Amino acid sequence: MKQKEVKEKIIEVAIRLIKESNGDLSLVSTRAIAKEAGIANGLMNYHFKNKDELITIAIQRMIGEVVSLYHPTFDSSLSLEERIVEGAANVFEFLFQNELISRISILDDFSKKEGWNNTMSSQGLIKDSLKEDLDQDERNLFAFVLVSSMQVALLSYGNSTSLSGHLLSKKEERKDFIRSTVHMLLNGCHTKKQ
């Protein structure tokens, strides 16, 4: 096998083992990855600096696959707001169902100053889904704020109830958080009349 094929095989095995462990990375060892890939442990060190680098690459690919599956609902009977809520709520739910790997992906995206990443892909897909409804500046800001809100809600999970007013440990509350955020982004905040 060529070096590139070996590296890809290692990444594929890491992804499979991460999925099989339900994101519990303590159950995924370099020894297990090497054994499943049918290679010597030393080849792992040749291709990757350490286990963390391999795990991060594998997780970024996993999240990238989910991001590429984001498709807002184009049911013509739904309003723009309802279409966005349905698509974004599905992504948000994935983040919470895969909290550990989602955190790693988000933090890795934040640590990179250059280059394309899953955060930018997510924003791009949301912007593309709004082409018919908002101008470019509005799409850019809308996508940035929506994706950032989902990421901060996940990263601050535990404190997020007091921060967002939603109990994000419950699926219904997570969808309501998305619904409220999308509504606010599309309609603005309104102050109470005195």
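Figure 1. Helices (H or I, at least four residues) and strands (E, at least two) are DSSP runs, numbered from the N terminus. This is a predicted model, in which local features need pLDDT of at least 70 and side-chain atom pairs count only at pLDDT 80 or more, while totals for chains, interfaces and linings use all residues. Residues are numbered from 1 along each chain as its sequence is written, and side-chain values use heavy atoms, with hydrogens and water left out. From the N terminus on, the elements read α-α-α-α-α-α-α-α-α-α. The C-alpha trace spans about 70 × 35 × 35 Å along its principal axes. Of the 194 residues, 40% count as buried, where buried means under 20% relative accessible area, exposed over 50% and partly exposed in between (1.4 Å probe, protein chains only). Contact here means heavy atoms within 4.5 Å. Among contacts between residues at least 6 apart in sequence, 65% join residues at least 24 apart.

**Figure 2. Helix α1 (residues 3-20) meets helix α4 (residues 51-68).** Two packed helices are described by the angle between their axes and the distance between the axes. For α1 and α4, the axes come within 9 Å and cross at roughly 70°. Axes are lines fitted to C-alpha atoms, for helices over the stretch in contact, and angles run from 0 to 180 degrees between N-to-C directions. The two helices α1 and α4 are therefore roughly perpendicular to each other; angles under 35 degrees count as roughly parallel, over 145 as roughly antiparallel, 65 to 115 as roughly perpendicular and the rest as oblique. On the α1 side, look for Glu-8, Ile-10, Ile-11, Ala-14, Ile-15, Ile-18 and Lys-19, which meet residues of α4 including Leu-54, Ile-55, Met-62 and Glu-65. By class, this contact of α1 with α4 has 11 nonpolar, no polar and 4 charged residues. For these classes, Ala, Val, Leu, Ile, Met, Phe, Trp, Tyr, Cys and Pro count as nonpolar, Asp, Glu, Lys and Arg as charged, and the others, Gly among them, as polar.

**Figure 3. Met-62 sits in helix α4.** Is Met-62 buried or exposed? With a relative accessibility of 8%, Met-62 counts as buried. Leaving out residues up to four places away in sequence, Met-62 touches Ile-15, Ile-18, Lys-19 and Ile-101. Phe-96 lies 34 residues from Met-62 along the chain, and their C-alpha atoms are separated by 14 Å.

**Figure 4. Helices α4 and α7 pack at an angle of about 0°.** Their axes are 10 Å apart. That makes α4 roughly parallel to α7. From α4, the contact is made by Gln-60, Ile-63, Gly-64, Val-67 and Ser-68, and from α7 by Asn-118, Ser-121, Ser-122 and Leu-125. The residues of this contact divide into 3 nonpolar, 6 polar and no charged.

**Figure 5. Gln-60 of helix α4 and Thr-119 of helix α7 (residues 118-129) each make a side-chain polar contact.** A polar contact is a pair of N or O atoms within 3.5 Å; within protein, one must be able to donate a hydrogen and the other to accept it, and residues adjacent in sequence count only if both atoms are side-chain atoms. Which side chain does the side chain of Gln-60 make a polar contact with? The partner is the side chain of Asp-108, at 2.8 Å. Gln-60 counts as buried at 13% relative accessibility. Beyond residues up to four places away in sequence, Gln-60 touches Ser-105, Asp-108, Asp-109, Lys-112 and Asn-118. Thr-119 is buried too, with a relative accessible area of 9%. The side chain of Thr-119 makes its polar contact with the side chain of Gln-151 (2.7 Å). With residues up to four places away in sequence not counted, Thr-119 touches Asp-109, Val-147 and Gln-151.

**Figure 6. Helix α5 (residues 80-97) crosses helix α10 (residues 171-187) at roughly 135°.** The axes come within 9 Å. That makes α5 oblique to α10. Residues of α5 including Leu-80, Glu-81, Phe-92 and Phe-96 meet residues of α10, among them Phe-177, Ile-178, Val-182 and Asn-187. The residues of this contact of α5 with α10 divide into 11 nonpolar, 3 polar and 7 charged.

**Figure 7. Asn-187 of helix α10 is joined to Glu-81 by a side-chain polar contact of 3.2 Å.** The pair is 106 residues apart along the chain, and the C-alpha atoms of Asn-187 and Glu-81 are separated by 9.7 Å. Asn-187 counts as partly exposed, at 36% relative accessibility.
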